[in-house]
Amino acid sequence: MGPLSKGNPVIVQILGICSALAVTAQLKPAFVMMASVTVVTAFANLIMSLLRKGVPGRIRIIVQLVVIAFLVILVDQVLKAYVYDVSKQLSVYVGLIITNCILMGRVEAFALGHKPWPSFVDGLANGVGYGLILLMLGFVRELLGSGSLWGFRVIPEAWYIQNGGFYANNGLMMLPPMALILVGIIIWVHRSAKSNKDLIEK
Amino acid sequence: METLNIFIRSIFIDNMVFAYFFGMCSYIAVSKSVKTANGLGLAVIFVMTVTVILNWLFNEYILKPGALGWLNPDWAVGGAHTVDLSFLSFIVFIAVIAAFTQIVEMVVEKFAPALYNQLGIFLPLIAVNCAIMGASLFMQERAYDSVVKATGFGLGSGIGWWLAIVMMAAIRERLEYSEIPAPLRGPGITFIITGLMGVAFMTFLGISL
């Protein structure tokens with residue numbers, strides 16, 4: 001359960017921020033990204049854990065990159081085949097799963113020293129912990145930024161100012177800087193919780 | 001002229017950190033002092049420029065659809081058997097980046113030990129810096145038609161990243177003396193400040209080049 005809150009990859013370990021911020025303007029790409037990263041982390045951990053006794057320390061980074069790149073190519077081809085529009089929206093960020101620090105971080109920190117099954121579960125849990133933050137960001141940004149969720153309208157059209165209502169979308173939510181500020185706020189709230197006092201710096 | 005536009009755009013308007021969030025992991029982790037931030041930033045400029053050029057060559061002559069036409073006309077676009085190796089681009093790009101950083105590390109260690117002490121520790125970090133990989137992927141997606149433009153893009157993006165991390169480090173050095181709510185200290189406030197800097201950088205958006 002650690003990686004979901006206390007050891008969350010995004011807000012505690014500060015890993016894999018790039019994609020967490022870039023794909024969360026809407027909920028759907030955020031969810032696809034979560035699924036892709038979870039699959040890749042789990043299997044990268046599993047494979048590296050199986051290989052951990054046979055790979056010399058000096059070349060392990062290259063081996064890791066090859067294993068991860070192989071998995072990401074599979075995911076990319078599957079996304080292109082089944083959810084082409086989302087795959088277009090994610091553009092380069094699918095490829096960037098390769099350099100997502102969660103992968104290398106978990107492989108280095110966990111999979112190289114543990115048995116395959118625990119490594120697989122660790123990868124899964126970290127993927128889901130990463131995804132939780134993505135979904136939170138996607139939820140807030142899509143709801144406030146475009147008044148819809150998963151592409152479905154939540155705020156009724158009649159509320160908008162141009163239709164004689166009182167409501168306007170917060171355009172700032174759709175822009176990159178707001179994602180950063182939202183993550184900052186999530187970290188703030190998370191560390192303010194009583195059980196997480198020990199995460200506070202200095 | 002167009003190359004100059006691409007160069008300036010990639011420093012200010014399409015800044016790697018503020019517009020695309022590339023390389024955030026090392027950006028947050030290494031921006032604690034200006035000196036180390038500067039070292040990492042310079043290493044990123046160098047590696048990014050060279051890997052974008054190398055990957056452009058790989059993409060142009062091996063990977064993109066019909067790129068192998070120079071070997072056999074049948075394999076070109078419109079030929080009898082068009083060869084499309086673009087699905088291999090992720091693995092080729094990351095291999096080029098990893099191999100290049102490894103080589104640079106060895107060369108620098110051998111011939112310039114002083115420089116190695118300054119930059120060497122950052123080089124392995126750079127292999128997994130998303131900014132480097134991101135630059136190559138953007139280069140591929142935007143399909144720059146000459147190596148000069150690709151170079152301008154790589155150099156500009158590197159400088160943009162260096163600028164961002166040095167500014168952030170300078171601000172964080174000052175932050176040491178300010179009273180920040182305890183749970184916000186460290187990464188929290190760094191994110192929020194980066195966001196505010198991003199808002200400032202968005203003022204460049206209106207400029208059309």
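A: A:Lys80 is partly exposed, with a relative accessible area of 39%. This comes from a predicted model. A:Lys80 forms a salt bridge with A:Asp76, and the closest N and O atoms are 3.3 Å apart. A:Asp76 counts as buried, at 8% relative accessibility. Both residues lie in helix H3 of chain A. They are four residues apart, about one turn of the helix.

Chain B holds a linked set. B:Lys149 forms a salt bridge with B:Glu2, with the closest N and O atoms 3.5 Å apart. B:Lys149 lies in helix H9 (residues 147-175) and B:Glu2 in helix H1 (residues 2-13) of chain B, so the pair ties together parts that are 147 residues apart in sequence. B:Lys149 is buried, at 13% relative accessible area. B:Glu2 is partly exposed, at 48%. B:Lys149 also forms a salt bridge with B:Asp145, where the closest N and O atoms are 2.8 Å apart. B:Asp145 is exposed, at 58%. Shared partners join B:Glu2, B:Asp145 and B:Lys149 into one network.

Over all chains, the search finds five salt bridges. Between chain A and chain B the count is zero. The side of chain A that touches chain B has 30 nonpolar, seven polar and four charged residues. Chain A and chain B bury about 3,500 Å² between them, 82% of it on carbon and sulfur atoms.

Definitions and conventions. Residues are numbered from 1 along each chain as its sequence is written. Chains are lettered from A and ligands numbered from 1 in the order in which they are written. This is a predicted model: local features need pLDDT of at least 70, side-chain atom pairs count only at pLDDT 80 or more; totals for chains, interfaces and linings use all residues. Side-chain values use heavy atoms; hydrogens and water are left out. Buried area is the accessible area (1.4 Å probe) that two parts lose on being put together, summed over both. A salt bridge is a side-chain nitrogen of Lys or Arg within 4 Å of a carboxyl oxygen of Asp or Glu. Ala, Val, Leu, Ile, Met, Phe, Trp, Tyr, Cys and Pro count as nonpolar, Asp, Glu, Lys and Arg as charged, and the others, Gly among them, as polar. Helices (H or I, at least four residues) and strands (E, at least two) are DSSP runs, numbered from the N terminus. Buried means under 20% relative accessible area, exposed over 50%, partly exposed in between (1.4 Å probe, protein chains only).
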